[in-house]
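Colleague: I have a two-chain model open and would like to go through it. Can you take some questions?

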Amino acid sequence: MRVYFLCFILFVVGLYAILRKRNLIKIIIGTIICEYAVNLFLILIAYRKDGRAPIYSPGQEVKNMVDPLPQALVLTSIVIGLAVTALLVGLAIRIYEKYKTFDITKINQLKG
Amino acid sequence: MLELEFLIIFMILGAIIAIETKDMLSSVVAVGISGLGLSLAFLFLKAPDLAITQLVVEILCLIILIRATLRRDLPFSTSGRWYFNTTVTFVFLGAFLFLSYFILKELPSFGQPLMRVSEFYLNQGKNLTKATNLVTSIILNFRAYDTLGEATVLFTAVIGVLAVVRKIGRK
């Protein structure tokens, strides 16, 4: 319960950066932090008390393994997060070449 | 799990430093605190595959972000409706946290997950797929269509990056 709440605080820190920062790179950093928080939350839900990693080894009983399903789905989610970050940074670099600034209040010419 | 709580507090501090530092390079490095802390947290939560992946992804992420950084952050400005906007932001974030406190009580408590679907994977996974690592058996056997869809998203993002960044064909 307390761990979940700390995880939400991490999410809110990232959300604050997305909402209130003027620098594009800071906004990208905020999205990265949000993504970390969501991945951490899914894995926290999967944890079982005194559990073991979901890997079979000789002489191990099955009963106390942690939940393997969220781990499998988060594994691909992490890699997709990297690709999305690369896309955001690519767009930011293009915007910098066109406007010579990262300030979102100066980027106001929508026409090509 | 006291060490896990300390680790998450450490990650929150790293995130706050990353957001509030003036120097952009220090800011990008401070994101690494969060990312590598997350890798350690996965290790505490008994997910070694995720810890390895997160470590690699974090370092690549750092390299990509350093490519985009300049030396300084923008100067601090309180122009426009700065106080009003900041107050509204904090009020809504506080409301989000306050309401999440009630919602989190409804979740199964930490350490006792709902495992209705996963019980089948845990009991039958080794017999049906012959893979000793259950995470691998779920990714590549039980949920292979999910993985196919996620690979599609991944390659779409990569094509987007190539289309945005490449120089050939631009005037």
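This is a predicted model: local features need pLDDT of at least 70, side-chain atom pairs count only at pLDDT 80 or more; totals for chains, interfaces and linings use all residues.

Colleague: Fine. Which residues of α6(B) are buried, then?

Modeller: L134(B), V135(B), S137(B), I138(B), I139(B) and F142(B).

Colleague: And what covers them?

Modeller: The cover includes α3 of chain A, together with α3, α5 and α7 of chain B.

Colleague: What about α5(B), which residues are buried there?

Modeller: In α5(B) the buried residues are S118(B), Y121(B), L122(B) and G125(B). They span an arc of only 95 degrees around the axis, so they sit on the same side of α5(B).

Colleague: Why would that spacing put residues on one side?

Modeller: An α-helix has 3.6 residues a turn, so residues three or four places apart point the same way.

Colleague: Which exposed residues are on the face turned away from the buried side of α5(B)?

Modeller: That face carries E119(B), N123(B), Q124(B) and N127(B) as exposed residues. The buried residues of α5(B) are covered by elements including α3 (68–99) of chain A and α6 of chain B.

Colleague: What follows α5(B)?

Modeller: K130(B), with a positive phi near 60 degrees.

Colleague: Where else is there a positive phi in a residue other than glycine?

Modeller: K46(B) is one of them, with phi near 65 degrees. K46(B) lies in the loop between α2 and α3 of chain B. K100(A) also has a positive phi, about 60 degrees, and is not a glycine. K100(A) is in the segment after α3 of chain A. For background, most residues other than glycine have a negative phi.

Colleague: Is K46(B) buried or exposed?

Modeller: K46(B) counts as buried because it has 22 C-beta neighbours inside 10 Å. K100(A) has 9 C-beta neighbours inside 10 Å, so K100(A) counts as exposed.

Colleague: Changing topic. How many residues of chain B touch chain A?

Modeller: 76 residues of chain B are in contact with 69 residues of chain A. On chain B, the elements that give two or more residues to that side are α1 (2–20), α2 (24–44), α3 (48–68), α4 (82–106), α5 (118–129), α6 (134–142) and α7 (144–165).

Colleague: Which of these gives the largest share?

Modeller: α3(B), with 12 residues. By type, the side of chain B that touches chain A has 49 nonpolar, 18 polar and 9 charged residues.

Colleague: How do α2(B) and α3(B) pack?

Modeller: Their axes come within 8 Å and cross at roughly 170 degrees, which means that α2(B) is roughly antiparallel to α3(B). On the α2(B) side, the contact residues include V28(B), G32(B), G35(B) and F42(B). On the α3(B) side, P48(B), A51(B), L55(B) and I66(B) are among them. The contact divides into 13 nonpolar, 4 polar and 1 charged residue.

Colleague: You mentioned A51(B). What does A51(B) touch?

Modeller: Apart from neighbours within four places in sequence, A51(B) is in contact with S39(B), F42(B) and L43(B). A51(B) counts as partly exposed because it has 17 other C-beta atoms within 10 Å. From A51(B) to G37(B) is 14 residues in sequence and 9.9 Å in space, C-alpha to C-alpha.

Colleague: At what angle do α2(A) and α3(A) pack?

Modeller: About 175 degrees, with the axes 10 Å apart, so α2(A) is roughly antiparallel to α3(A). Residues of α2(A) in this contact include L24(A), I28(A), E35(A) and I43(A), and those of α3(A) include P70(A), V74(A), G81(A) and I95(A). The division here is 15 nonpolar, 6 polar and 1 charged.

Colleague: Last topic. How many residues are in the largest nonpolar core?

Modeller: 64 residues. Those with the most contacts inside the core are C7(A), L10(A), I29(A), I33(A) and I43(A). Helix α2 of chain A, residues 24–46, gives the largest share of the core, 14 residues.

Colleague: And what does I29(A) touch?

Modeller: Not counting residues up to four places away in sequence, I29(A) touches A17(A), A18(B), I19(B), S27(B) and V31(B).

Methods. Residues are numbered from 1 along each chain as its sequence is written. Chains are lettered from A and ligands numbered from 1 in the order in which they are written. Two residues are in contact if their C-beta atoms, placed from the backbone, lie within 7 Å. Helices (H or I, at least four residues) and strands (E, at least two) are DSSP runs, numbered from the N terminus. Ala, Val, Leu, Ile, Met, Phe, Trp, Tyr, Cys and Pro count as nonpolar, Asp, Glu, Lys and Arg as charged, and the others, Gly among them, as polar. A residue is buried if 20 or more other C-beta atoms lie within 10 Å of its own, exposed if 12 or fewer, and partly exposed in between; C-beta atoms are placed from the backbone. The arc is that of the directions from the helix axis to the C-beta atoms. A nonpolar core is a set of buried Ala, Val, Leu, Ile, Met, Phe, Trp, Tyr and Cys residues joined through C-beta atoms within 7 Å. Axes are lines fitted to C-alpha atoms, for helices over the stretch in contact, and angles run from 0 to 180 degrees between N-to-C directions. Angles under 35 degrees count as roughly parallel, over 145 as roughly antiparallel, 65 to 115 as roughly perpendicular and the rest as oblique.
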